[in-house]
Amino acid sequence: MMNPNAKDAFEKFKMEAAREVGVNLKNGYNGDLSSKEAGSVGGQMVKKMIEQYENSMK
């Protein structure tokens with residue numbers, strides 16, 4: 001990501017999604033996460049993006 005503001009917003013979004021599914025992320029490298037935990041965070045992020053898109057269509 002070239003835009004620092006976009007990167008910051010993405011990191012905030014990722015942390016919010018992780019908090020919602022009960023995964024403790026830290027700033028920086030999170031290589032100690034299990035595949036299940038990482039997948040839960042990614043899945044929650046996709047779910048939230050779809051919800052936001054659907055709400056924008058109304």
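Trainee: In what orientation do helix 1 and helix 2 lie to each other?

Mentor: In this predicted model, helix 1 and helix 2 are roughly perpendicular to each other. In general, a packed pair of helices is described by two quantities, the angle between the axes and the distance that separates them. Here helix 1, covering residues 4–20, packs against helix 2, covering residues 35–56, at an angle of about 110°, and their axes are 8 Å apart. Since angles of 65 to 115 degrees count as roughly perpendicular, this pair is therefore placed in that class.

Trainee: What is the hand of the crossing where helix 1 passes helix 2?

Mentor: The crossing of helix 1 past helix 2 is right-handed.

Trainee: Which residues of helix 1 and helix 2 make the contact?

Mentor: From helix 1 the contact draws on Phe 10, Phe 13, Lys 14, Glu 16, Ala 17, Ala 18 and Glu 20, and from helix 2 on Val 41, Gln 44, Met 45, Lys 48, Met 49 and Gln 52. Sorted by class, the contact of helix 1 with helix 2 comprises seven nonpolar, two polar and four charged residues.

Trainee: Which residue forms a salt bridge with Lys 48, and where in the chain do the two lie?

Mentor: The partner of Lys 48 is Glu 20, with the closest N and O atoms 2.9 Å apart.

Trainee: Which residue forms a salt bridge with Lys 14?

Mentor: Lys 14 pairs with Glu 11, the closest N and O atoms being 3.3 Å apart. Both residues, Lys 14 and Glu 11, lie in helix 1 and are three residues apart, about one turn of the helix. Glu 11 is partly exposed, with a relative accessible area of 28%.

Trainee: Which residue forms a salt bridge with Lys 26, and is Asp 32 buried or exposed?

Mentor: Lys 26 forms a salt bridge with Asp 32, and their closest N and O atoms are 2.9 Å apart. Asp 32 is exposed, its relative accessible area being 58%, while Lys 26 is partly exposed at 41%.

Note on methods. Residues numbered from 1 in each chain as written. Predicted model: local features only at pLDDT ≥ 70, side-chain atom pairs only at ≥ 80, totals over all residues. Heavy atoms only, no water. Axes fitted to C-alpha atoms, helices over the stretch in contact; angles between N-to-C directions. Helix = DSSP H or I, 4+ residues; strand = E, 2+ residues; numbered from the N terminus. Parallel < 35°, antiparallel > 145°, perpendicular 65-115°, else oblique. Left-handed = near helix turned anticlockwise from the far one by under 90°. Contact = heavy atoms within 4.5 Å. Nonpolar A, V, L, I, M, F, W, Y, C, P; charged D, E, K, R; others polar. Salt bridge = Lys/Arg side-chain N within 4 Å of Asp/Glu carboxyl O. Buried < 20%, exposed > 50% of the residue type's maximum accessible area, 1.4 Å probe, protein only.
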